[in-house]
Amino acid sequence: MNTGLRDFREAITLLPKALYFAWSDTKARYKRSVLGPFWLVLSTIFGVVGLGVVWSILLNADRAEFIPSLTIGLIVWQLISGCLAEAPAIFYRQSGQIKDINLPSFFVSFQLVMRQIINFGHNLIVFAIVTIVYPHHASLLAFVAIPGLVLVVANLLWLVQVLGYVGARYRDLEPLIGSFLPILFFVSPVIYRAGQLGPMARVMAFNPIGNWISLVRDPLMGELPNAASYGVALATTAAGWSVALWLTTARRRRLPYWI
Amino acid sequence: MARITLDNVSIEYPVYNASATSLRNQIVAISTGGRMARQVGNIVTVLALDGVTLDLREGDRVGLVGHNGSGKTTLLRTMAGIFTPTKGAIVIDGRVSTFFGLGAGVDPELSGYENIVRMAMLLGASQAQARASIPDIEDFTELGGFLSLPVRTYSAGMQTRLTFAVATTLHPEILLVDEVIGAGDAEFQAKAAARMDAFVEKSSIFVLASHSPALIERFCSRVVQLEHGRMVQ
């Protein structure tokens with residue numbers, strides 16, 4: 001675990017730098033667009049309005065209940081899926097940082113997760129608007145969502161590192177994940193909530209993404225998340241970080257040769 | 001005290017072709033057992049460095065020469081601590097700055113100024129140090145108003161000026177340069193030479209890989225010739 005831990009520790013000391021790069025990358029990406037990152041906000045608004053109208057009719061749901069739940073689901077899903085989609089290519093897209101400069105590999109993973117968190121921050125505007133329109137669920141319990149979000153990010157960090165390493169070695173991973181993401185969106189409780197599945201809800205308990213979303217969504221909907229959801233998220237954190245550190249230890253030396 | 005010691009360093013790395021990097025073949029290899037695995041696992045390995053022993057101390061100015069593919073860049077990457085030797089040992093003491101062509105961290109959409117900060121920070125400067133280096137770089141590159149324009153509008157020579165200026169502004173103890181100064185015009189070559197002289201005077205380690213005998217002659221006190229990854233001289 002030594003190499004992995006050293007890589008991780010070095011990346012932690014470089015955290016402010018990773019943040020600067022995440023911010024600077026975001027600026028570069030939208031350099032010549034007028035709305036910039038707010039395009040993302042706009043697309044979330046379209047998603048909330050479009051899906052909100054159609055699915056509230058389909059599911060025969062009360063909009064005051066359904067739309068806030070959908071909004072939080074979509075925002076957290078975008079955070080997770082953004083990391084999933086980009087993670088496999090992260091090391092070979094940033095090959096300069098790995099091949100020309102001696103940087104910890106976690107630095108590159110942190111950079112991606114932070115970029116997604118910046119997008120998430122923009123999307124919170126949509127949540128704020130929805131809360132103003134449908135304020136029924138706002139309560140002090142909402143603060144419980146913060147540790148939930150921290151747990152989600154802790155999981156995304158190991159996930160990006162692991163997918164990044166595997167994706168650098170096996171280039172099929174990126175299209176593979178790309179083809180699974182749309183299905184994952186529908187089998188995860190993003191639009192609906194796990195409770196609405198009836199007896200199937202038990203099966204959903206095994207979907208870690210569903211549990212991660214609950215940790216953020218339930219408190220914002222005025223409920224305490226299931227203890228089981230915390231259990232699953234803590235378990236995936238522990239297992240995932242073990243794999244990430246092991247993989248970094250075992251393969252950090254090989255990484256520059258793969259990309 | 002900058003110092004690089006290479007003791008019998010070899011670097012051998014696998015080159016995965018499309019069939020070896022595909023997950024399907026790995027899965028097929030597992031499911032069909034040993035024989036198939038050997039067939040699909042036709043991985044070519046390249047012996048890029050073969051038993052290189054070198055001891056570089058303060059004030060050393062080393063020129064790396066050799067044909068294309070003789071291992072110059074691999075040796076530089078090894079000295080930077082990026083490639084880990086598969087055999088032998090390496091000890092690197094000192095802050096390393098690399099100049100391997102188009103700088104890492106450069107984003108063509110961002111301005112020259114923003115890219116100065118990005119490159120310098122990747123090379124180890126803090127954000128404040130990176131910003132503090134800007135006047136020196138403005139002065140050296142003479143890019144003037146172009147520094148406010150996106151780097152994608154720069155010519156190759158202008159990009160060289162920018163990356164070289166950043167790589168040398170941080171007073172690295174060890175500077176590793178791969179070729180590329182050649183892209184600048186005559187005036188830049190002269191300025192780069194003066195800057196490198198000043199740098200070498202601060203008695204650090206300087207390694208230059210180049211095909212130009214004139215450049216090697218100008219800057220290097222010692223020549224290392226590589227042939228097929230082996231040191232011949």
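In the predicted model, Glu142(B) is partly exposed, as 14 other C-beta atoms lie within 10 Å. This residue is located in the loop that connects helix 7 (134-141) with helix 8 (156-169) of chain B. Asn8(B) belongs to strand 1 (residues 3-15) of chain B.

Chain B as a whole comprises ten helices and nine strands. Of its 233 residues, 40% count as buried. Where contacts in chain B join residues at least 6 apart in sequence, 74% of them link residues at least 24 apart.

The two chains meet through 21 residues of chain A, which are in contact with 26 residues of chain B. On the side of chain A that touches chain B, at least two residues each are supplied by helix 2 (15-29), helix 6 (95-99) and helix 13 (255-258) of chain A. Helix 2 of chain A provides the largest share of that side, namely five residues. By class, the residues of chain A that touch chain B comprise nine nonpolar, four polar and eight charged.

Helix 2 of chain A also packs within its own chain, against helix 7 (residues 105-133) of chain A; the angle is about 55° and the axes are 8 Å apart. Helix 2 of chain A is therefore oblique to helix 7 of chain A, and the crossing of the two helices is right-handed. On helix 2 of chain A, the contact is formed by Leu15(A), Ala18(A), Leu19(A), Phe21(A), Ala22(A), Trp23(A), Asp25(A) and Thr26(A). The residues contributed by helix 7 of chain A are Phe107(A), Phe110(A), Gln111(A), Met114(A), Arg115(A) and Ile118(A). Ten nonpolar, two polar and two charged residues make up this contact of helix 2 of chain A with helix 7 of chain A.

In soluble globular proteins, nonpolar side chains tend to be buried together. The largest nonpolar core of the model contains 126 residues. Within this core, the residues with the most contacts are Cys83(A), Val160(A), Leu176(B) and Val207(B). When neighbours within four places in sequence are left aside, Val160(A) is in contact with Cys83(A), Ala87(A), Ile90(A), Ser109(A), Leu112(A) and Val113(A).

A charged residue, Asp218(A), is assigned to helix 11 (residues 208-220) of chain A. Asp218(A) counts as buried because 22 C-beta neighbours lie inside 10 Å, against a threshold of 20 or more for burial. Residues up to four places away in sequence not being counted, Asp218(A) touches Glu223(A), Leu224(A) and Pro225(A). Between Asp218(A) and Val203(A), the separation is 15 residues in sequence and 19 Å in space, C-alpha to C-alpha.

Technical notes:
Residues numbered from 1 in each chain as written. Chains lettered and ligands numbered in written order. Predicted model: local features only at pLDDT ≥ 70, side-chain atom pairs only at ≥ 80, totals over all residues. Contact = placed C-beta atoms within 7 Å. Helix = DSSP H or I, 4+ residues; strand = E, 2+ residues; numbered from the N terminus. Axes fitted to C-alpha atoms, helices over the stretch in contact; angles between N-to-C directions. Parallel < 35°, antiparallel > 145°, perpendicular 65-115°, else oblique. Left-handed = near helix turned anticlockwise from the far one by under 90°. Core = buried A, V, L, I, M, F, W, Y, C linked by C-beta atoms within 7 Å. Buried ≥ 20, exposed ≤ 12 C-beta atoms within 10 Å, placed from the backbone.
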